[in-house]
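Open the model in your viewer and keep the selection tool ready.

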Amino acid sequence: MNSDLSSQQVKDIGEQGLLERLQRFCPPEIIGDDAAVLETASGQSLVVTTDVLVDGVHFSNLTTSPEDAGWRAAAANLSDLAAMGASPLGITVGLGLPAELRVSWVERLYQGMTECLQKYNTPIVGGDVVRSPVTTLAITAFGQVNPSQIIRRSAAVVGDAIVVTGVHGASRAGLELLLHPELGQDLKDAECTALIRAHQRPQPRLDVLPILWKILTPNSQLSIAGMDSSDGLADAIIQICRGSGVGAVLEHRQIPVAKTFNHWLTPDQALKYALYGGEDFELVLCLPQELASALVQHLGEGAAIAGRITAGSTVILHDEQKKFPDQVLNLSQGFQHFGQ
């Protein structure tokens with residue numbers, strides 16, 4: 001990249017100059033009006049989700065390049081669509097930027113978003129840019145879903161198995177390695193790289209949906225409960241139980257964690273990362289035992305049946321080997337935006 005161009009600041013080119021730069025990342029046939037028009041298939045429901053990310057809260061130049069910040073922002077929104085059973089149609093991007101921010105940083109942010117979105121044939125279809133004392137990124141994602149395949153938090157029933165589509169705690173472990181590299185001295189380079197990548201380049205689990213619908217074809221009237229685990233596995237299960245008016249038992253030994261945890265973290269640390277670390281972007285789904293077993297078999301390594309839905313309202317962490325006492329899970333140990 002030309003050094004003169006890479007040192008340009010947002011205030012040097014102004015709002016229109018920046019928009020002209022960013023429009024290169026959007027399909028030319030969609031942008032140019034006051035709003036984007038997205039076609040949806042007949043008989044489909046539109047799904048809309050919004051995430052706001054703030055510099056110093058959701059990303060930091062200490063741990064995240066602009067490209068990685070863009071990727072993670074896009075992945076978070078696509079994960080929300082996957083959690084609803086929806087396929088993505090497009091996203092809009094709202095930016096709050098300090099005037100002194102380098103234009104090259106913004107372009108690199110968009111490059112990271114584009115790299116993630118291209119995997120799922122999802123365009124950036126518009127947005128807005130404003131001046132702000134803190135870099136802020138607000139993404140609205142649009143998706144479509146067959147009404148009979150909408151995944152809701154409120155559909156869990158007693159007896160359902162709880163399926164986790166992949167390992168938990170890897171993103172938190174990667175963040176810790178970025179902040180404290182000395183913690184990885186007992187890990188191989190490839191192991192450190194894998195954990196860091198889990199934090200910087202999470203994969204939204206849209207790939208789960210075609211497998212899920214294939215398994216459910218003979219049971220097309222069956223409702224599936226679920227959400228993503230972006231705020232932690234414990235949060236996801238508690239939120240589903242609250243929405244459905246049920247309880248759950250989560251089996252300690254069945255929670256899938258990264259293999260490297262076994263010789264790096266204490267059991268308590270590994271469990272805390274898995275339950276409360278967040279930003280793993282896996283799906284947590286509740287469905288009948290037979291179908292849950294079939295889904296886990298199709299998904300392969302990392303996926304697991306981690307527990308079951310019960311009567312009542314309490315979410316309990318249980319250890320069949322009785323090495324750990326039963327715990328009642330709550331939301332207080334996870335990240336809280338306005339916690340003290």
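The tour below goes through a predicted model, one selection at a time.

**Stop 1**

**Stop 2**

Select residues 247-251, strand β7, and residues 304-310, strand β9. How do β7 and β9 run, and how many bridges join them? They run antiparallel, and four bridges join them. Now pick V249 and look across to β9: its bridge partner there is R308.

**Stop 1: S244**

Next, select residues 233-244 to show helix α8, then pick S244 within that helix. Is S244 buried or exposed? Its relative accessible area is 17%, under the 20% cut-off, so S244 counts as buried.

Show its side chain. The S244 side chain reaches the backbone oxygen of R153 at 2.7 Å. It also reaches the backbone nitrogen of A155, at 3.4 Å. Leaving out residues up to four places away in sequence, you get R153, S154, A155 and A156.

**Stop 2: the largest nonpolar core**

Switch to the nonpolar side chains. The largest nonpolar core has 57 residues. Which of them touch the most other members? Select V93, L95, V106, Y110, M113 and L285. Then select residues 66-83, helix α3: the largest share of this core, nine residues, comes from there.

Now zoom in on L285. Residues up to four places away in sequence are again set aside. L285 touches I151, A161, I162, V163, T165, V208, L212, I224, A225, G226 and L295.

**Stop 4**

Finish at I31. I31 and I124 are 93 residues apart in sequence, yet 9.1 Å apart in space, C-alpha to C-alpha.

Last, show the contacts of I31. Beyond its neighbours within four places in sequence, I31 is in contact with Q23, C26, V125 and G126.

Note on methods: Residues numbered from 1 in each chain as written. Predicted model: local features only at pLDDT ≥ 70, side-chain atom pairs only at ≥ 80, totals over all residues. Heavy atoms only, no water. Helix = DSSP H or I, 4+ residues; strand = E, 2+ residues; numbered from the N terminus. Buried < 20%, exposed > 50% of the residue type's maximum accessible area, 1.4 Å probe, protein only. Polar contact = N/O pair within 3.5 Å; in protein donor to acceptor, adjacent residues only side chain to side chain. Contact = heavy atoms within 4.5 Å. Pairing = 2+ DSSP bridges. Core = buried A, V, L, I, M, F, W, Y, C linked by side-chain atoms within 4.5 Å.
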